[in-house]
Structure formats: structure tokens, C-alpha cells
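These are my notebook entries on one structure. I set down what I looked up, entry by entry.

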Amino acid sequence: MIDVKNVSVQFGGVSALENVNFGIGKGEVVGLVGPNGAGKTSLLNVISGFYKPRSGRVYLEGRDITDVPPYKRAKMGIGRTFQKTSETFRHMTVLENIMVGAIASHRESLLDYFSAMLWLKWVRREVEILKWAEEVIDFFELYAYRNRPVGSLPYGLQKKVDVARAFAGRPKVLLMDEPMAGLTREEREDMARYIIEMRHVYGVTICLVEHDLGAVADLSDRVVVMAAGRVVAEGRPQEVLRDPRVLELYMGKTRAVA
Ligand SMILES: Nc1ncnc2c1ncn2[C@@H]1O[C@H](COP(=O)(O)OP(=O)(O)OP(=O)(O)O)[C@@H](O)[C@H]1O
């Protein structure tokens with residue numbers, strides 16, 4: 001689904017990514033872990049198009065997308081959730097946020113959507129988008145909050161709306177940047193269930209950046225470990241996350257994941 005070949009990204013003197021090779025197979029859940037500043041978010045930004053690599057190429061289903069802008073990559077099927085909930089439209093309602101996500105997946109641009117010549121076509125599309133948005137709201141159990149502005153909701157629900165907005169774009173591959181950070185135990189369990197269902201019910205390929213190693217071990221088929229802008233280990237979760245070198249590296253943890 002995704003191939004990153006020999007990618008390097010630099011900010012001034014800082015090397016965020018150094019000759020990184022990384023791939024996500026169709027239908028896989030890949031856990032991407034590593035200490036703070038390892039380059040995980042930068043790698044997601046290179047895949048979604050927010051960062052342009054200094055060198056190297058990015059491929060989606062074999063097609064070179066290195067020079068494709070982020071909004072086109074979103075339409076091509078690359079979805080993205082964010083570490084900070086401020087990326088959602090806080091003044092807009094839950095339903096409106098999810099509709100924005102749903103509209104983004106349509107082949108037409110937002111401008112075309114509003115200026116469509118054929119009224120009937122416009123109405124049909126509107127109904128289709130609304131129906132899908134309601135299905136997404138049901139899936140994420142957000143019905144009770146659908147007309148509330150996102151900014152007025154507790155943090156855990158804002159995180160959920162961010163994931164729902166990205167999922168509404170019908171991504172082939174969803175890049176999730178710390179979806180469980182700051183959530184309560186119950187909210188984390190819910191998020192884990194959504195990840196499993198997005199994959200098994202809707203067939204979404206997932207890249208999961210997460211500091212919760214237990215969740216990564218439970219949810220991922222394969223784990224990739226980064227440190228200082230490089231991929232340093234890769235393999236099945238139970239093997240990689242028990243490797244003492246990885247535990248030492250990853251936030252200085254010395255205890256293996258149960
Ligand atoms: N836009 C930017 N401008 C300057 N430096 C950046 C930028 N984005 C990333 N970096 C630097 O690149 C390095 C990798 O950062 P990145 O956010 O990708 O790491 P991370 O593994 O996602 O860390 P965390 O777990 O803390 O989110 C860091 O040194 C960071 O300061």
C-alpha cells in the first residue's frame with residue numbers, strides 16, 4: 001500500500017529522517033514506535049505530503065506520489081489523524097466536522113461541490129455525504145454529541161471526533177498519530193475497538209504511532225522502531241517489543257511488554 005524509499009528530511013541542522021525505508025502492506029496494522037523526537041510524526045508527514053523529503057521517494061500502491069500535494073493524497077486514499085485535537089474545526093459541530101471529512105474524499109474539489117451545475121446531482125451528493133456521515137457517527141457512538149461544537153467536548157471525545165473525521169474520508173490507509181494519548185483506560189479500550197473494526201469491517205490499512213506499547217503489541221501485525229531519524233528494528237510485536245535493546249532505547253523502559 002505505502003512504500004517509503006531512502007527518505008531524508010532535514011530542518012536546519014536537525015536530521016528528522018535519515019535514509020528511511022518503510023512500508024505498509026495492504027490490510028496491515030503497522031505499529032510505529034520510538035522515543036520522543038525519533039521521527040515518527042515526520043514520517044507520517046512525509047507520507048501524507050505535509051513534509052517534502054530532501055531526498056527519497058514515496059509510493060502509494062506502486063505510484064510515485066512524492067510530488068503530489070497533501071489534499072490530492074487525501075483524495076487518493078491517505079487519511080491522517082493528529083496528535084493535537086486543535087486540528088479539528090473546534091467551532092463546528094461533530095456532524096459538520098465529519099461531513100468535512102466525508103466531502104474531502106470526493107473526487108471533486110470543495111469548490112466544485114458548491115458550484116455543481118446540476119442541482120439534482122448536487123442534492124444526490126449531499127444526501128450521500130450526509131448518509132455516510134451519519135453512519136460514521138453511529139460507528140463511533142457520537143450520536144448524543146452530533147450537534148455540539150467540538151471545542152465544547154471533553155478531550156477524549158475530541159480525539160474520537162478527529163479519528164471519525166479522518167475515517168469519514170474513506171481512507172485506504174489511515175495514519176494515526178498517538179490516538180490514545182491522554183485518554184482514560186476506558187477511552188483507550190474504545191479506541192482499540194474502533195481500530196480493530198475499521199480494519200476488519202471496513203478494510204482500512206493502518207499505521208499506528210503510539211507510546212502505549214501494550215496497545216501497539218495488541219493491535220499491530222508488525223512493529224517498526226525508530227530512533228534519531230532512523231529505523232532501528234522491525235518485526236512481529238512480541239519479538240520486537242521484548243528485545244531488551246528496543247526497550248532500553250524506547251523511553252528507557254527496562255520491562256518487557258506483558
Ligand atoms: N517542522 C519542524 N521544524 C523543525 N524541526 C522539526 C519539525 N518537525 C520535526 N522536527 C524535528 O525533527 C525531529 C523528529 O521529530 P518528530 O516530531 O518527527 O519525532 P516523533 O518521533 O514524532 O516525536 P514525539 O514522539 O515526541 O511526537 C525532532 O528533533 C524535531 O524537533
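**Entry 1: the whole chain**

What percentage of the 258 residues of the protein chain count as buried? I found that 39% of the 258 residues count as buried. I call a residue buried if 20 or more other C-beta atoms lie within 10 Å of its own, exposed if 12 or fewer, and partly exposed in between, with C-beta atoms placed from the backbone.

I note that this is a predicted model, in which local features need pLDDT of at least 70 and side-chain atom pairs count only at pLDDT 80 or more, while totals for chains, interfaces and linings use all residues. Residues are numbered from 1 along each chain as its sequence is written.

I listed ten helices and ten strands in the protein chain. Helices (H or I, at least four residues) and strands (E, at least two) are DSSP runs, numbered from the N terminus.

I then looked up contacts, where two residues are in contact if their C-beta atoms, placed from the backbone, lie within 7 Å. Among contacts in the protein chain with a separation of 6 or more, 68% are between residues 24 or more positions apart.

**Entry 2: the two domains**

I looked up how the chain is divided, with bounds that come from an automatic or database domain assignment. Domain 1 takes 1-77 + 171-232, and domain 2 takes 88-170. Their centres, taken over C-alpha atoms, are separated by 23 Å. Eleven residues from domain 1 and twelve residues from domain 2 make up the contact.

Which elements give two or more residues to the side of domain 1 that touches domain 2? They are helix H2 (70-76) and helix H7 (185-200). H7 gives the most to this side, with three residues. By kind, the residues of this side are seven nonpolar, two polar and two charged. Here Ala, Val, Leu, Ile, Met, Phe, Trp, Tyr, Cys and Pro count as nonpolar, Asp, Glu, Lys and Arg as charged, and the others, Gly among them, as polar.

The surrounding residues are Phe11, Val14, Ala16, Gly34, Asn36, Gly37, Ala38, Gly39, Lys40, Thr41 and Ser42. Strand E2 (14-24) and helix H1 (40-48) are the elements that give two or more residues to this shell. H1 gives the most, with three residues. I sorted the shell into four nonpolar, six polar and one charged.

I count two strands as paired if DSSP finds at least two bridges between them.

In what order do the six strands of the open sheet stand? The order is E6-E7-E8-E3-E9-E10, and the pairing is mixed. Strand E6 (78-80) and strand E10 (230-235) are the edge strands, each pairing on one side only. On average, neighbouring strands of this sheet are turned by 20° against each other, direction ignored. Such angles run from 0 to 180 degrees between N-to-C directions of axes, which are lines fitted to C-alpha atoms, for helices over the stretch in contact.

Strand E9 (residues 222-227) and E10 run antiparallel and are joined by five bridges. Met226 has Val231 in E10 as its bridge partner. H7 lies across strand E3 (29-33), strand E7 (173-177) and strand E8 (205-209), and runs at about 155° to E8.

**Entry 5**

Strand E1 (residues 2-11) runs antiparallel to strand E4 (residues 55-60), with five bridges between them. Asp3 stands opposite Tyr59 in E4. E4 is also joined to strand E5 (residues 63-64) by two bridges, again antiparallel, and here Tyr59 stands opposite Asp64. E4 and E5 form a hairpin with two residues between them.

Most residues other than glycine have a negative phi. Glu61, in the turn of the hairpin, has a positive phi of about 45°. Glu61 is partly exposed because it has 13 other C-beta atoms within 10 Å. Asn19, which is not a glycine, has a positive phi of about 50°, and its place is in strand E2. Asn19 counts as partly exposed because it has 14 C-beta neighbours inside 10 Å.

Is helix H3 (residues 94-104) mostly covered or mostly uncovered? H3 is mostly covered, with eight of its eleven residues buried. Among the buried residues I noted Val94, Leu95, Asn97 and Ile98.

Note on methods: A residue is near a molecule or strand if its C-beta atom, placed from the backbone, lies within 6 Å of it.
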